[in-house]
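Please look over the protein chain shown here. The report below walks through its rings, its helices and its confidence values.

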Amino acid sequence: MRARRGTSRGANRTDAFLISGLALVLLAWFLWPFVARGAAFPIGPDAPVYLWWSRLAGVDGLSAIAYRPGAPALSLVLEGTLGLSVVQATAALEVALGVAVGLAAAGFVRRRTSAGGWALAGLLAGTFAGHLAAGYVANLITAAGFLAAGALLDDPRRRAAVLAAFVLAGGGLAHPQFLLLGLAILLVAAAIAWRNDRREAFRLAAAALGGGAVLGIGLLAVRPGAPPLEVDTSKDAFLRRAGLTSELQSAYLDRFVHRWTRYVQWVSVPLAALAFTSPNGNAGRILRSWFVLTFVGVSFALVTGWLPADRFVTFGFAIPILAALGLVRLWHRLERRRALAVVVTATLTLAMLAGSAIAWNRQEPFISDGEVRAVTFANDDVARLPPGTPLAFWVNEPDDTVSFLATRAGNVIRAGVPPDRIRDVVVVVPPLDRETTSGERGALERLTARDLGAAEERAGRSAEVIVLTPFDEVDRPTGALVVEPSERTKDLFPLIDPLEPFTAAGIAWASIAGLLLLTVVGFGWAQVGLGDAITAVAAAPAIGAAVLILVATALDAVGMHLGTTAGALAASALTGSGGYLARFVLERRTGTGSAPQVQEQPAE
């Protein structure tokens, strides 16, 4: 008995060391662009969108982003609780949630493989999360929540399944469309379980349907209030609104082809196939369903052109997780030839890590200090205009495909103007000197002219025309405000909550503090559903993010303003204390404490 206890304590110390090391490695990985390369803003093409979403939700409430309220809700909570700027909070979410994905992946398969297997799964899935951390915060939240829900569903207790449904809903509030894919994965996993284990089939299906129901309630709860601001936040959105279907499908295919090599699927997919039947229990069922539906989704997207195929790849975390288990299986097959086993498994691991590292190292902010400075200078004149005056920002370049610049400029400008003027911003693409009446350029000119006319009609006044030279080096219209960021000719009015770049130290501090906050508020809830402390620690940041979103959404629905320090602190306090209180009550009720977890090994 003493020998068994000593072995258990030694294993727990090893696991604690591995989970701590994994967290530190992933933290350093995701901080790299900020610390080593000096990125002063959140990275990725969609990062400016999350900046203005959070700023708008801070003044108008979550109803302003009613279709995807999760990311701005989480950002506002981090800002108010930790005293961060919106730039720090958004960058911190990119870093902390990337780490959370890796830790949740490790917790997901911890009961189904060896210590080396789950640590490697966490490393490969965490580094692969860089494809989402590059600006796609909403997808990152949903992925982290889905992995944490998978870990909960691999626990046989009813409370774990109930909590999994709420975690799914919290992650889904960030990106409901991707949660639909997650629910499909769970339903297919339930179908797989139906023949041999109907109890688990019911648990999987109930968690999926329950998560979908809670998501629906959450989306309805944020609807009352200020109307959603519906503008084109990406080139894809513009092409879709303009009805340029062939151009949109071409963009989807081109993106998939050019990004294919960075995913290193030629290594990871064969390894994942090698381990396809290895993990048992619900973890195995979910991974197999996820693997198959990833390929179904990619194939469907490529054949129809209705969806971007690469988004299915970047959400397909089953592949790096199964690839890690495949490496474990390969190691066991080559173990008698130790030198060969080391060389082969190390080479394959480094190849997958290299693909993620190259992609992550190339990421940079899609917003510059000069662009923000130009918007800031313009804000001095904007402050003198009557509220509600349309702000027509001209965007132009001597190129027929100006759509990416136009949508990016719109996001940067909305992020930089005072939050109460975000709704007044209208991006206008004027005609070039030569006539443009057809194609992508012509459609953009017509759509933006129509947007301007609609804004002026709503406001009942003419728009103020503003030209920021970083976004338009072509036009200098008579009577317009032309802003050159390198020329400061007057003192500026003091601005409320200006958008400012941050140092590497400031972003690193915000990321570490954000990760700790998510872990602390999520650990109590994780222990409710996961009896093993190490697995609970691994899943805590992802669970904390999901439950924080649910609580913040509920507070916003009853009228509490998340844009204030009091609202953010209330959300954090209720989330954290609720988890520890629920755990205390459940343990007192059962009188048994934490349920023991049996460490299961893969079927080898």
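**Where two helices meet**

Which residues in H7 meet which residues in H14? From H7 come Phe146, Leu147, Gly150 and Leu153, and from H14 come Asn282, Ile286 and Trp290. Contact here means heavy atoms within 4.5 Å. Helices (H or I, at least four residues) are DSSP runs, numbered from the N terminus.

Helix H7 covers residues 137–153. H7 packs against H14 at an angle of about 145°, and their axes are 8 Å apart. Axes are lines fitted to C-alpha atoms, for helices over the stretch in contact, and angles run from 0 to 180 degrees between N-to-C directions.

**What kind of model this is**

This is a predicted model: local features need pLDDT of at least 70, side-chain atom pairs count only at pLDDT 80 or more, and totals for chains, interfaces and linings use all residues. Residues are numbered from 1 along each chain as its sequence is written, and side-chain values use heavy atoms, with hydrogens and water left out.

pLDDT is the predictor's confidence in each residue, from 0 to 100. The protein chain has a mean pLDDT of 89, and 93% of its residues reach 70 or more. Two stretches stay under 50. Residues 1–6 are one of them, with zero contacts beyond four places in sequence. Residues 593–604 also stay under 50, but there the model has 32 such contacts beyond four places in sequence.

**Aromatic rings**

Rings of Phe, Tyr and Trp (its six-membered ring) pair if their centres lie within 6.5 Å; planes under 30 degrees apart count as stacked, over 60 as edge-to-face and the rest as tilted. By this rule there are 15 aromatic pairs. Tryptophan 290 and phenylalanine 315 make a tilted pair, 5.8 Å centre to centre with 50° between the planes. This pair links distant parts of the chain, 25 residues apart. Tryptophan 290 is in helix H14 (residues 281–304), while phenylalanine 315 is in the loop between helix H15 (309–314) and helix H16 (318–334).

One aromatic cluster holds Phe128, Phe146, Phe178, Tyr263, Trp290, Phe315 and Phe317.

**Charges over rings**

A charge sits over a ring if NZ of Lys or CZ of Arg is within 6 Å of the ring centre and within 35 degrees of the ring normal. Arginine 311 lies over the face of tyrosine 136, 4.8 Å from the ring centre. Arginine 414 lies over the face of tryptophan 52, 5.8 Å from the ring centre.
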